[in-house]
Amino acid sequence: MIINSVFCLFQTQLRLKMLANATRSRTELYLIGSSVSELRGSKLPSLRMALGFFLHLHLELNETIRHSSAAAVTELAKFWRKARIPMRDHQNCQTKLEQAFEEWRLLKKNKARKSSTQQAREAAFVSRLEDLFDIAHADALNTMSIQEDKDFLLAQREKGRRGSMVGVDETLACKEKRVSEREQQTLKRRQQTENIQQIEASTAELTTSGSEISAAEDVDSEGAVGGSRTQKRKRGRKAVVTPELAAALDRTKVSDRKAVFVIAETAKSLGMTIDQLALNRDSVRRLRAKHRIHSSASIRAKFQSDVPLVVHWDGKLIPDLIGKEKVDRLPVLVSGKEVLQLLTVAKLPSGTGEAQASAVFGAIEDWGIPGNIRAMCFDTTSSNTGRISGACVLLEQKLGKELLSLACRHHIMELVIGAAFRVCMGSTSSPEVPLFKRFQDYWRFIDTDKYETGIAADDVARLVDDIKQSTIDFANKHLEQSQPRDDYKEFLELVLIFLGATPARGVRFMSPGAMHHARWMSKVIYSLKIWMFKAQFRLTLTEERGLHDVCVFAVRVYLKAWISAPLASGAPYSDLLLLKSLLEYSSIHLAISKATSNKFSGNLWYLSPELVGLAFFDSRVSSSTKRLMVSAMQSEDDQEQEHTKRITIDLDSAKNKNLEHFVTAKSAKLFQMMDLPDGFLTVDPDLWEDRHDYKLASETVRSLKVVNDHAERGVALIQEYSGFITQDESQLQFLLQVVNEHRRVYPDSRKQTLSDQP
């Protein structure tokens with residue numbers, strides 16, 4: 001019995017020791033030791049204490065860097081106040097602590113290195129850990145009046161932080177208490193005097209005639225007691241900041257302080273007296289905040305949509321409202337027939353599919369439109385398209401229904417041109433393409449009047465001869481239409497110049513712009529420009545050959561695919577044509593053909609059974625093909641492969657495929673999910689154009705947005721306004737709604753546009 005008790009006691013002690021060792025290993029910090037959950041001691045905190053407490057908040061409590069530094073500085077300040085030593089501004093203290101953390105983080109990142117430099121840096125860092133984490137004001141020694149406090153600060157700055165704080169200086173505490181009491185008494189007497197003056201002023205007003213009251217508003221009056229005094233200026237009461245003016249100020253990013261100057265001078269120019277106006281920075285700020293709330297509520301109240309909607313989202317990492325940290329922002333919008341509405345620009349805890357799906361679902365729920373959402377438009381990133389944890393599948397689970405997957409067609413086209421560019425120009429780890437950077441720097445020396453067309457080269461002329469005229473006609477046709485972005489228009493004009501034609505507005509070359517890897521359109525534009533100015537810009541043979549191949553591919557294949565991408569009804573047929581064009585391109589450039597066709601074959605979203613039915617509304621598809629599609633959809637022999645949102649296809653047989661080969665019985669889902677009338681399917685396709693139900697269905701399909709440009713504009717919106725007007729998150733959301741609506745109502749600044757609106 002005794003042996004058993006001893007054995008149990010031994011086991012218990014062993015488990016406790018193992019648990020202590022495990023806990024110590026978890027909380028052990030590189031170079032610092034253990035974290036600090038509470039600051040204690042009679043000295044001013046050392047660097048080890050400051051970092052230990054910061055890391056406790058950041059690593060163990062999962063606080064952000066900014067919140068952790070703020071909380072740590074607040075605790076550190078208690079010691080400095082107790083020592084009666086002036087401190088730096090809290091913002092500067094936070095910056096210093098964050099810099100120390102960054103130094104520690106970099107050392108930890110490279111701890112596996114055993115170089116002499118790394119070891120020297122580690123030793124230098126460790127040697128400073130017990131030194132004072134000095135956040136004293138730069139002029140502290142001059143501003144402190146007590147020599148003992150000065151000596152204590154100097155001692156603490158020595159190695160080892162000599163000295164300590166012992167007890168409270170009773171004499172000094174009593175002195176400060178007496179000073180505080182005197183200040184309170186002075187404040188009390190001042191308040192009593194003001195109360196007496198208000199009573200006297202009220203008495204004087206009651207005993208003065210009406211005419212005297214009127215005159216007293218503009219001139220100085222003499223009080224009943226205490227001699228003469230100047231009457232306070234009467235405050236202006238007329239509100240001048242209307243909801244419309246507030247929205248205009250927000251859109252133009254005018255601060256509250258600047259708004260006061262603008263409004264005051266505008267009022268003067270209109271012959272008004274600004275003394276009558278409620279005009280100061282605080283009143284402008286309050287009214288603008290109030291109008292944002294009311295305008296946002298009005299926008300939401302007016303949003304009444306009974307049509308099928310497509311939800312769009314696109315994430316971006318941008319600086320937070322406060323501090324230097326970056327956060328994930330997710331603009332969420334819905335589109336439909338005559339509908340385009342920004343719901344929110346959510347702030348995400350991370351960029352995972354779960355976080356995105358939750359933000360999108362929350363916005364949909366908040367606006368009360370879950371029943372209207374029938375489709376989703378998204379970029380084809382893994383965080384969106386993952387089979388298990390992608391935002392798309394998680395959003396469907398949260399909504400409890402299946403949605404049409406309208407993958408952004410521009411994003412798919414960017415994948416194609418990216419594959420072609422890597423074949424021609426190679427890959428680089430640099431965020432910018434070195435060749436394009438050189439050209440951008442050299443642009444000021446380029447004579448834009450001395451350019452060479454692409455067809456001036458015989459081999460280029462031979463490769464584009466068969467498509468030259470049709471491409472020129474295509475580009476001219478689309479230049480007559482309004483393009484959503486300037487770089488689309490520039491692309492069309494450059495292709496015309498490359499083919500020897502002249503755009504309607506003449507030959508113009510824009511200065512080289514952004515060239516980041518994410519901007520694939522910029523790579524096409526840069527390639528065309530460099531090729532046409534290669535006589536003035538030095539190129540290696542490899543670069544010239546690569547640019548030649550990129551330009552020919554862009555003109556021959558890519559232009560029509562990119563410009564036609566936003567058309568929902570034409571998506572299936574256009575994708576099939578593009579796939580065949582990429583395969584046939586092997587006769588011109590085998591490597592480009594193989595790379596682009598493989599990349600594109602993994603993104604055939606619009607040839608899936610649910611979406612191939614969009615081709616019913618494509619005027620380019622013949623009636624005979626539509627008959628075969630209807631027949632395939634009504635067929636009961638459905639031996640298709642397992643259902644997926646995007647199909648896989650054997651590239652060897654793709655050249656022989658037609659649209660009807662992708663249609664199954666599941667293609668009827670398009671009509672069910674989008675509430676499309678399908679009665680016209682029972683008659684011959686030659687008669688569809690005259691039927692009312694076909695026209696209604698066609699209008700809905702043509703209103704579908706299959707590119708995510710609107711979400712990208714939401715990203716641009718938050719990038720432009722984040723942190724400029726307000727640092728309050730709720731006010732930022734109201735501001736974005738107001739600016740977005742103002743841009744919709746006033747798309748330009750022409751007088752006609754401004755006068756047409758109420």
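Reply: Arg257, Arg281, Arg285 and Arg286 gather on the surface as a patch of positive charge. Such a patch is made of residues with over 30% relative accessible area and no salt bridge, like charges being joined within 9 Å. Lys and Arg count as positive, and the place of a charge is taken as NZ of Lys or CZ of Arg. This is a predicted model, in which local features need pLDDT of at least 70, side-chain atom pairs count only at pLDDT 80 or more, and totals for chains, interfaces and linings use all residues. Residues are numbered from 1 along each chain as its sequence is written, and side-chain values use heavy atoms, leaving out hydrogens and water.

Helix α12 (residues 281-302) gives the patch its largest share, three residues, while Arg257 belongs to helix α11 (residues 256-269). Helices here are DSSP runs (H or I, at least four residues), numbered from the N terminus. Arg257 counts as partly exposed because its relative accessibility is 48%; the term covers values between buried (under 20%) and exposed (over 50%), with a 1.4 Å probe and protein chains only.

Ser255 lies in the loop between α10 (243-251) and α11. With 27% relative accessibility, Ser255 is likewise partly exposed. Although Ser255 and Arg285 are 30 residues apart in sequence, their C-alpha atoms are 8.8 Å apart in space. A polar atom of the Ser255 side chain also lies 3.2 Å from the backbone nitrogen of Lys258.

Conventions
Patches are made of residues with over 30% relative accessible area and no salt bridge: like charges are joined within 9 Å, nonpolar side chains (Val, Leu, Ile, Met, Phe, Trp, Tyr) within 5 Å. Accessible areas come from the Shrake-Rupley method with a 1.4 Å probe; for residues, only the protein chains shown count as cover. A salt bridge is a side-chain nitrogen of Lys or Arg within 4 Å of a carboxyl oxygen of Asp or Glu. Helices (H or I, at least four residues) and strands (E, at least two) are DSSP runs, numbered from the N terminus. A polar contact is a pair of N or O atoms within 3.5 Å; within protein, one must be able to donate a hydrogen and the other to accept it, and residues adjacent in sequence count only if both atoms are side-chain atoms.
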